[in-house]
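Biologist: I would like to learn how to read a protein model step by step. Could we look at it together?

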Amino acid sequence: MKEIYMELALDLAQKALGKTSPNPLVGAVVVNNNKIVGQGYHVRAGNPHAEKMALKEAGEKAQGADLYVTLEPCNHYGRTPPCTEAIIEAKIKNVYIATLDPNPLVAGKGVKRLKDEGINVVVGIKEKEAQLLNEVFFKYITTGLPFVALKAACSLDGKIATREGHSQWITGEKAREYGHKLRNTYDAIMVGIGTVLADDPRLTCRLENGRDPIRIIIDSKLSISPDAQILNLKSSVPTLIATTQGAPLIKQKELAKKAEVLIVNEGDKVDILQLLKILGQREITSILVEGGATLNGTLVNQRLIDKFYLFYAPILIGGLAAPGFMGGIGCARLENALKLKNITIQTIGSDFLITGYPDV
């Protein structure tokens, strides 16, 4: 039964997917005499944590009960008081935790505090599932860098457009809807200037009640037109243009009226790693890359991608002039090729989605 209760807590946590940044996704369930008496999840940053929501619902029935929580309860004052104190005050008997919190402010301190009060604590139920659920938070809190996922829509032979640049639409409606679900989940979306010039995208989330991601454009020379759709949106989130010191000053001032222009480095190309550090300092914890071959190749070659979403349509485009989804110099020998692990393959409408992580 312990696994079942923890699965419920994990399901609760997922309800807030894309809404809690920079905080983790957390779900909690209170069980007394094999009966669920309280449940809750962290809705968004600044709101009560999952444990407190579940304990509030349980009320007096929390006394002597078991608490199942997907992440180690906090033991420090942040935007909300410590959850450990609420658990102690509620007189919980047993606390079952899926995984420890890597945040240095927590990192075992929550477990120690509960044990010091005589509460039985068990860690590790559905641990892998809990860590996967919070893969974004774990990366961000341990490195200060955003979790970067690359999404590409390709033909079976890996092309993202025809030789004449025609690309709409390679994949079907269901795959495109899935892509908007991803936009609704990630804090930001990143493209290169080539994509902006070729497609004039908006990079918004088209889902009903969806949340637009922050838009980030890599544009070393500020080639973007002030009339581009992405600079003339009615959106609650900003557009950022990452450029270099060498970009025309007049164009910088002109574009600053419609977007935030970030000077990332003094060279002739945007330093992507430095940009990620800047974005991390702004509490942007996750980025979905929907770039073209140049940006994708740069990120892959620099080993800056944490996850791949590769959509494949059952078509063959062919042609040496038709671009693939990843450019750059590539590897010289197969043993140096980037390998993927933890692969999943699923059918999305008439297309296939391969999800995987770099094996580095």
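Biologist: Which are the buried residues of helix α2 (residues 50-58)?

Modeller: Before answering, note that this is a predicted model, in which local features need pLDDT of at least 70 and side-chain atom pairs count only at pLDDT 80 or more, while totals for chains, interfaces and linings use all residues. Residues are numbered from 1 along each chain as its sequence is written, and side-chain values use heavy atoms, with hydrogens and water left out. Helices (H or I, at least four residues) and strands (E, at least two) are DSSP runs, numbered from the N terminus. Buried means under 20% relative accessible area, exposed over 50%, and partly exposed in between, with a 1.4 Å probe and protein chains only. In α2, the buried residues are Ala 50, Glu 51, Lys 52, Ala 54, Leu 55 and Ala 58. The elements that cover them include β1 (27-32), β2 (35-41), β3 (66-71) and α3 (83-89).

Biologist: In what order do the 9 strands of the open sheet lie?

Modeller: Strands of a sheet pair through backbone hydrogen bonds, either parallel or antiparallel. Two strands count as paired if DSSP finds at least two bridges between them. Here the order is β10-β9-β8-β7-β11-β6-β12-β14-β13, with mixed pairing. The edge strands, each pairing on one side only, are β10 (260-265) and β13 (340-348).

Biologist: Which strands does β6 pair with in the parallel sense?

Modeller: Strand β6 (residues 147-155), with 8 of its 9 residues buried, runs parallel to β11 (residues 286-289) over 4 bridges and is joined by 7 bridges to β12 (residues 307-313), also in parallel. Within these pairs, Ala 149 has Leu 288 of β11 as its bridge partner, whereas Lys 151 stands opposite Tyr 309 in β12.

Biologist: How many residues does the largest nonpolar core have?

Modeller: In soluble globular proteins, nonpolar side chains tend to be buried together. A nonpolar core is a set of buried Ala, Val, Leu, Ile, Met, Phe, Trp, Tyr and Cys residues joined through side-chain atoms within 4.5 Å. The largest one has 33 residues, and those with the most contacts inside it are Met 190, Ile 216, Ile 218, Leu 275 and Ile 287. A second, separate core of 24 residues includes Val 26, Ala 62, Ile 97 and Leu 114.

Biologist: Why does Pro 358 count as buried?

Modeller: Pro 358, found in strand β14 (residues 351-358), counts as buried because its relative accessibility is 11%. Leaving out residues up to four places away in sequence, Pro 358 touches (heavy atoms within 4.5 Å) several residues, among them Ile 305, Phe 308 and Leu 340.
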